[in-house]
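Biologist: Hello! I have a new model open and would like to go through the terms used for it. Shall we look at it together?

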Amino acid sequence: MYDVCLIDDDEILLRTLARRLTQQDLKVATLQGPVTQQLLQITAHCYLIDLRIAEQSGLSLITPLRQK
């Protein structure tokens, strides 16, 4: 299980946030782009989701997460 799962379509932001959180001894997973199927395979304590992921709303990922 991961401590944090970062979801964004900005690769640079993902790498920067992941690096900073990893420096704080957190186990971090990153997902880039439209990720609904990938997201269902990752378990984390916290999910940090971009509100706008390409053409997808980040809010649309909340329901699948709650159903896990």
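Modeller: Gladly. A helix here is a DSSP run of H or I with at least four residues, and a strand is a run of E with at least two. The model is a predicted one. By that count, the protein chain has three helices and five strands.

Biologist: What pattern does the protein chain follow along the sequence?

Modeller: Read in that direction, the pattern is β-α-β-α-β-β-β-α.

Biologist: What makes the protein chain as compact as a globular protein of that length?

Modeller: The globule rule gives 11 Å for 68 residues, and the radius of gyration is 11 Å, close to that value, so the chain is as compact as a globular protein of that length. Its C-alpha atoms fill a box of roughly 30 × 25 × 15 Å along the principal axes.

Biologist: Which strands stand at the edges of the open sheet, and why is one side of each left without a neighbour?

Modeller: The open sheet has three strands in the order β2-β1-β3, with parallel pairing. From one strand to the next, the twist averages 20°.

Biologist: How do you know that β1 and β3 pair?

Modeller: Pairing needs at least two bridges found by DSSP. Strand β1 (residues 2-8) and β3 have five bridges, in the parallel sense, so by that cut-off they count as paired. Leu-6 stands opposite Leu-48 in β3.

Biologist: What share of the residues is buried?

Modeller: Buried means under 20% relative accessible area, and 31% of the 68 residues are buried.

Methods: Residues numbered from 1 in each chain as written. Predicted model: local features only at pLDDT ≥ 70, side-chain atom pairs only at ≥ 80, totals over all residues. Heavy atoms only, no water. Axes fitted to C-alpha atoms, helices over the stretch in contact; angles between N-to-C directions. Rg over C-alpha atoms; globule rule 2.2 N^0.38 Å. Buried < 20%, exposed > 50% of the residue type's maximum accessible area, 1.4 Å probe, protein only.
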